[in-house]
Amino acid sequence: MGRLVAIEGLDGAGKNTLTRAVTERLTGRGLTVTALAFPRYGTQFADLAAEALRGGNGDVAESVYGMGLLFAFDRQAAAPDIRAALATHDVVLLDRYAASSAAYSAARLGEGPDGAVATWVRELEFDRFGLPRPDLQVYLDVPVTVAAERARSREASDAARARDAYERDGVLQTRTGAVYTGLAAAGWVSPWHVHGVDDAPELLADAIAALS
């Protein structure tokens with residue numbers, strides 16, 4: 001059975017880039033690695049959530065718990081694929097997972113990492129839905145200003161990557177970063193590793209390889 005590692009962070013933090021770099025280093029060590037990104041755009045629940053964040057689907061986006069349910073349903077639908085990947089690979093990397101809902105939802109409600117909505121996400125996704133628990137969660141700790149500039153540059157170079165309501169809200173991003181820091185410090189759901197903006201991918205690869 002492989003090890004499940006979720007890479008978390010703000011929009012524009014560089015999660016996809018880090019995932020690719022760590023994959024390259026782990027495969028270079030002889031480990032089999034696969035990756036999955038959430039939300040899974042192009043599938044039912046992820047697309048409903050994306051539409052809501054761009055002004056569609058009525059007032060769905062106004063409900064923190066409603067958005068949390070859409071993202072949770074997306075992960076629940078992907079659970080068989082995650083388990084199949086774990087059965088055939090040494091490491092499965094996830095670009096976002098349940099902690100994203102905990103962090104963004106808590107930030108929207110002005111709650112901390114030990115608040116009601118973070119507890120609800122944990123109980124809904126891992127206890128009720130039975131999602132695989134990550135062996136390690138990684139917080140890519142990037143300054144909000146850096147992440148925001150990356151998100152803007154990505155939008156300018158790719159029309160398909162237009163920022164949604166969460167990505168455009170600088171105050172929300174700042175609050176979300178604070179919640180992520182708290183989730184990592186508290187060991188929410190499983191152990192965490194904080195990866196700094198200047199940390200080499202080899203450091204994370206070492207931490208993941210040590211799980212095997």
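For the charge tally here, Lys and Arg count as positive and Asp and Glu as negative, with His and the chain ends left out. On that basis, this predicted model carries 21 positive and 28 negative side chains, and the centres of the two sets sit 1 Å apart.

Now for the overall build. Nine helices and five strands make up the secondary structure, and reading from the N terminus, the order is β-α-β-α-α-β-α-α-β-α-α-α-β-α. The C-alpha trace spans about 50 × 40 × 35 Å along its principal axes. The radius of gyration is 16 Å, which agrees with a compact globule, because 212 residues packed that way would come out near 17 Å.

What about the inside and the surface? Buried residues account for 47% of the 212. As for who touches whom, take the contacts with a separation of 6 or more: 81% of them join residues 24 or more positions apart.

Let's zoom in on one residue, Arg-96. You'll find Arg-96 in the loop that links strand S3 (91-95) to helix H4 (98-109). Is Arg-96 buried or exposed? Its relative accessibility is 8%, so Arg-96 counts as buried, the cut-off being under 20%. The Arg-96 side chain makes a polar contact with the side chain of Asp-11, at 3.1 Å. Leaving aside residues up to four places away in sequence, Arg-96 touches Ile-7, Glu-8, Gly-9, Leu-10 and Asp-11, along with Lys-15, Phe-38, Tyr-104 and Tyr-180.

Definitions and conventions. Residues numbered from 1 in each chain as written. Predicted model: local features only at pLDDT ≥ 70, side-chain atom pairs only at ≥ 80, totals over all residues. Heavy atoms only, no water. Helix = DSSP H or I, 4+ residues; strand = E, 2+ residues; numbered from the N terminus. Buried < 20%, exposed > 50% of the residue type's maximum accessible area, 1.4 Å probe, protein only. Polar contact = N/O pair within 3.5 Å; in protein donor to acceptor, adjacent residues only side chain to side chain. Contact = heavy atoms within 4.5 Å. Rg over C-alpha atoms; globule rule 2.2 N^0.38 Å. Charge placed at Lys NZ, Arg CZ, Asp CG, Glu CD.
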